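This briefing goes with the sequence and the 3D structure shown below. The points are grouped by topic.

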Amino acid sequence: MKPAPFDYLRVEHIDEALEALRKEGGDARIIAGGQSLMPMLAMRLARPKLLVDIMHVDAMRRIDDDGRTLHIGAAVRQAKLERHPGLAGRQPLLAGALAWVGHAQTRARGTICGSIAHADPSAELPLSLMTLGGSVHLRTRKKRRALAAHEFFAGMMATAKTDDEMIEAVSFPTVLPGTGYAFNEVGRRHGDFAIVACAAVVHANKAMLGIGGVADVPTVRALPLPDAPDFTDALNQYAWDLDARDDLHATARYRRDLIRQLGRRTIEEAARCRA
Amino acid sequence: MPRLSADRKHLVSFTLNGKPVSGMAEPRMTLSDFLRHEIGATGTHVGCEHGVCGACTVQIDGGLARSCLALAVQTDGCEVRTVEGLSPDNGVTLSILQDEFRNHHGLQCGFCTPGFLMTLDALFRERPDASAEQIRQTLSGHLCRCTGYASIMKAALAAQQRLRGEPRQKAQENSKGGSHA
């Protein structure tokens, strides 16, 4: 449980980090809060030659609200967003999901972008970004690009980020009029990895239901509302399509059942919350 | 800060419980190992070493942190607080929190206790009026294999009352009925 040796570089400007990534590519890893990366290092699932610490880059500690999106820099800790004034009004789904992210002790250190970069299929923040249709802002020494969440997440702990790129920020769409949001999760204990996590956005007579913890990446599908005659079949089909597997924590059958129960409940909650 | 090379030890300095400390660390050394092996502050206990058990929880710049998930070199220049800093007179008397853990059997073997104490210390500073439910949720980031948690909740609630200057009551957790940790 001791990390393999690595060099450490603390940067104060993003260009220093990008230069290090340009030179060292896949041998370098960005460390921000370290709450996903440090366990990977401890178990030697990751063995970078260089860690680039970006927590002292002031420009990336910002949360900006431009009226349509919440733009969250790579050095913003989860606890900071959790305490952001008015968050529940600006994006209730994100506020609801944050309470389920790890524990208070890890949210105090972990960053929003770090969890997105780690792309754990059971993590709440990637699921929220997918369900809300947010985007990931990537940057190299030479260019910037923004990817929609569904383009970014490529598989279990795999993303479309190239070795010389880093996540500069992520953006979550803010609340829309007439739209309701909800987030629910079932785990063995509060703070454990999700067995199934559900995020729902309801507008008019359509629901977008995001599901995490089942497939290799969080998924989103449009469904009718629970009072529609075809709802139960549509949700059941969704549960089967995710190819749930048995593991130590839950059987595939239990996961499918959770999708049907928790999925319905989350959509109903979101429908009730429509502003 | 220049690049710190993997095969050398580097000077790391920070404030520990109000006093400046320093030592040498390879970049890969965790804060928990640095505290225990370099500084000799063994009050912080190390359990799982990958952020699950909570025993090594300390405070960095006022916020909670698993010290096994922080690098010593990341902590350079920070303010670190550990269980050694809780006593008001450097270990002669117990803090209110520690005293109530003793009164209510909030520990048996004591391995997990430093982590619980640092979390509750930070919680009650930020939210002196945290509800029992909030306390329970915050403590979910810690594992204890001795107490079954009920006595830890009693200790936490008793300490909270004393910290708020309220008169002592016995077994308030039970008197509400049906609330278990």
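In strand E12(A), A:Ala197 is the bridge partner of A:Glu185. Strands E11(A) and E12(A) pair in the antiparallel sense over 9 bridges; two strands count as paired if DSSP finds at least two bridges between them. Helices (H or I, at least four residues) and strands (E, at least two) are DSSP runs, numbered from the N terminus.

This is a predicted model, in which local features need pLDDT of at least 70 and side-chain atom pairs count only at pLDDT 80 or more, while totals for chains, interfaces and linings use all residues. Residues are numbered from 1 along each chain as its sequence is written, and chains are lettered from A and ligands numbered from 1 in the order in which they are written.

**The sheet in chain A**

- Strands of a sheet pair through backbone hydrogen bonds, either parallel or antiparallel.
- In chain A, 4 strands form an open sheet with antiparallel pairing, in the order E11-E12-E13-E14.
- Strand E11 (179-187) and strand E14 (219-224) of chain A each have a single partner strand and stand at the edges, so one side of each is left without a neighbour in the sheet.
- Neighbouring strands of this sheet are turned by 20 degrees against each other on average, direction ignored. Axes are lines fitted to C-alpha atoms, for helices over the stretch in contact, and angles run from 0 to 180 degrees between N-to-C directions.
- Helix H11 (residues 252-272) of chain A packs on the sheet and touches E11, E12, E13 and E14 of chain A. The direction of H11 makes about 35 degrees with that of E12(A). Contact between two residues requires their C-beta atoms, placed from the backbone, to lie within 7 Å.

**Strand E12(A) and its hairpins**

- E12(A) is mostly covered, with 9 of its 10 residues buried. A residue is buried if 20 or more other C-beta atoms lie within 10 Å of its own, exposed if 12 or fewer, and partly exposed in between, with C-beta atoms placed from the backbone.
- E11(A) and E12(A) form a hairpin with 6 residues between them, and A:Gly191 in the turn has a positive phi of about 100 degrees.
- Strand E12 (residues 194-203) of chain A runs antiparallel to strand E13 (residues 206-212) of chain A, and 7 bridges join them.
- A:Val202 has A:Ala207 in E13(A) as its bridge partner, and A:Val201 stands opposite A:Met208 in E13(A).
- The hairpin of E12(A) and E13(A) has 2 residues between the strands, and A:Ala204 in the turn has a positive phi of about 50 degrees.

**Where chain A meets chain B**

- 26 residues of chain A are in contact with 27 residues of chain B.
- On the side of chain A that touches chain B, the elements giving two or more residues are strand E1 (7-10), helix H2 (37-42) and helix H6 (104-107) of chain A.
- E1(A) gives the most to that side, with 4 residues.
- The residues of the side of chain A that touches chain B divide into 13 nonpolar, 7 polar and 6 charged. Ala, Val, Leu, Ile, Met, Phe, Trp, Tyr, Cys and Pro count as nonpolar, Asp, Glu, Lys and Arg as charged, and the others, Gly among them, as polar.

**Helix packing in chain B**

- Helix H3 (residues 113-126) and helix H4 (residues 132-139) of chain B pack at an angle of about 140 degrees, with their axes 10 Å apart.
- That angle makes H3(B) oblique to H4(B). Angles under 35 degrees count as roughly parallel, over 145 as roughly antiparallel, 65 to 115 as roughly perpendicular and the rest as oblique.
- B:Phe116, B:Thr119 and B:Leu123 in H3(B) meet B:Ile135, B:Thr138 and B:Leu139 in H4(B).
- The residues of this contact divide into 4 nonpolar, 2 polar and no charged.

**Single residues in loops**

- A:Asp27 has its place in the loop between helix H1 (14-24) and strand E2 (28-31) of chain A. A:Asp27 is partly exposed, with 15 other C-beta atoms within 10 Å.
- Not counting residues up to four places away in sequence, A:Asp27 touches A:Pro48, A:Lys49 and A:Leu50.
- B:Asp61 lies in the loop between strand E3 (57-60) and strand E4 (63-66) of chain B. B:Asp61 has a positive phi of about 50 degrees although it is not a glycine.
- B:Tyr149, in the loop between H4 and helix H5 (150-163) of chain B, has a positive phi of about 75 degrees although it is not a glycine.
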